[in-house]
Amino acid sequence: MAWTGLDEPETRQRFDASDLRGFTSAVLQSYGVPADDAEIGSDVLIDADLVGIESHGIAHLPWHIGYAPGFESGAVNPTPEIRVLRETPVSAAWDGDGGFGTIVCQKAMSACIEKAKGSGMGMVTVRNGRHFGAAGYYAHMAVEHDLIGMAMCNVPPIAVAAGGKGRAFGTNPIAMAAPIANGTPFRLDIATTAVAGGKLEIAGRQGKPLPEGWAVDEDGEHSDDPFIMRKNGALLPLGSTLTTSSHKGYGLGLMVDIMSGVLSGDGSGLFAPRGQNLVQGQWFAAWRIDLFCEPDEFKSSMKKMADAIREIEPIEGVGQVVIPGDPEEMARADRSAHGVPLDEETIEQLITLGEQRGVPFPAPVSKGGTS
């Protein structure tokens, strides 16, 4: 929900989140996903839209290889047989069997949570995984049990190395969540590139040029073309340029590649297959606060820190300084009450998908909004 340069007054049609969940679940079931798993998958997707992470929400369902096209081509397995390759009381290594990413990853984080409850912490790697949506969803699962959570994954390279022209790593997101006393949890969910790849998709749908610092062409020159990735272009690392510390985003991206890909047994995303098999390696963790301090003390200290930061005087044009998690909760409050806004292109694609699968797409609840 962070400012991206594309924000403007909301004029799009809005849809009830429950209706979108029902539609998504029915579509997933039409591809052979069991009903219980379909409910999980639909919740992960629509939660992303509710918290304003539209780059990882329902817009992916009709066209992304990790969703409907993947089921149709066989790249995504609707009924995976997850294999436990290694396991201890605090860890496990899984093979996801090419299963629908949101389902396998929700189960992986659930396993981390159970291990943390029993042994203090839990970590699970997943190899042979598929697109898992917004990383923050899984980290936040731990907070609901008064735990700290983390999640990350690697993807095939779409970003240049710091100072280089060639692609070296993917968006490779990192998410971390922690509870706060009587308030919105800390919820960080960031790509290690300057921007998530889905932001280019949104810019393309809305006919917007890219801000400087997001992407480059094959010669390493800035490009404002939202379709530059299809023309041998690439994203920039977090930090954008060597002058503004792109080596930090590059290093973080490689760290995620190691933890998610190399450690899981999938290997670096540099060598992952492209096209019809968008393979991901994934890493999840949860741990109990009482291993280190009293949980109530931790949550009170978190609240003290968060409140102090929110009281910092903002710069001109910014209403209030916030902590990670605040924008997402503001979006959730608005979109739960007034509906989830969708781009016209996304609506058309979802209507077409629904017609193909025999699942009517719901009617909008309003046009325009309060954002």
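Helix H2 (residues 35-50) packs against helix H9 (residues 326-338) at an angle of about 100°, their axes 8 Å apart. Helices here are DSSP runs (H or I) of at least four residues, strands (E) of at least two, all numbered from the N terminus. Axes are lines fitted to C-alpha atoms, for helices over the stretch in contact, and angles run from 0 to 180 degrees between N-to-C directions. That makes H2 roughly perpendicular to H9, a label covering 65 to 115 degrees (under 35 is roughly parallel, over 145 roughly antiparallel, the rest oblique). The model is a predicted one, with local features needing pLDDT of at least 70 and side-chain atom pairs pLDDT 80 or more, while totals for chains, interfaces and linings use all residues. Residues are numbered from 1 along each chain as its sequence is written, and side-chain values use heavy atoms, with hydrogens and water left out.

On the H2 side, Asp 47, Asp 49 and Leu 50 make the contact (heavy atoms within 4.5 Å). H9 brings Glu 328, Ala 331, Arg 332, Arg 335 and Ser 336. The tally for this contact is 2 nonpolar, 1 polar and 5 charged residues.

Now for the cores, meaning sets of buried Ala, Val, Leu, Ile, Met, Phe, Trp, Tyr and Cys residues joined through side-chain atoms within 4.5 Å. Buried stands for under 20% relative accessible area, exposed for over 50%, and partly exposed for in between (1.4 Å probe, protein chains only). The largest nonpolar core has 30 residues, and Met 109, Val 124, Tyr 138, Phe 284 and Ala 286 have the most contacts inside it. Elements supplying at least two residues each include H2, strand E4 (121-129), helix H5 (135-143) and strand E12 (280-288). Helix H4 (101-119) is another such supplier, and the largest share, 8 residues, comes from H4. Apart from this core lies another, of 27 residues, with Phe 15, Tyr 31, Leu 50 and Ile 58 among them.

As for cysteines, the structure holds 0 disulfides (pairs of cysteine sulfur atoms within 2.5 Å). For Cys 105, the nearest cysteine sulfur belongs to Cys 153, 7.6 Å away. Cys 105 counts as buried because its relative accessibility is 0%, whereas Cys 293, at 25%, counts as partly exposed.

Finally, Arg 357 sits in helix H10 (residues 344-357) and, at 28% relative accessibility, counts as partly exposed. Leaving out residues up to four places away in sequence, Arg 357 touches Val 27, Ser 30 and Tyr 31. The C-alpha atoms of Arg 357 and Tyr 31 are 8.4 Å apart, though 326 residues separate the pair along the chain.

Key:
Ala, Val, Leu, Ile, Met, Phe, Trp, Tyr, Cys and Pro count as nonpolar, Asp, Glu, Lys and Arg as charged, and the others, Gly among them, as polar.
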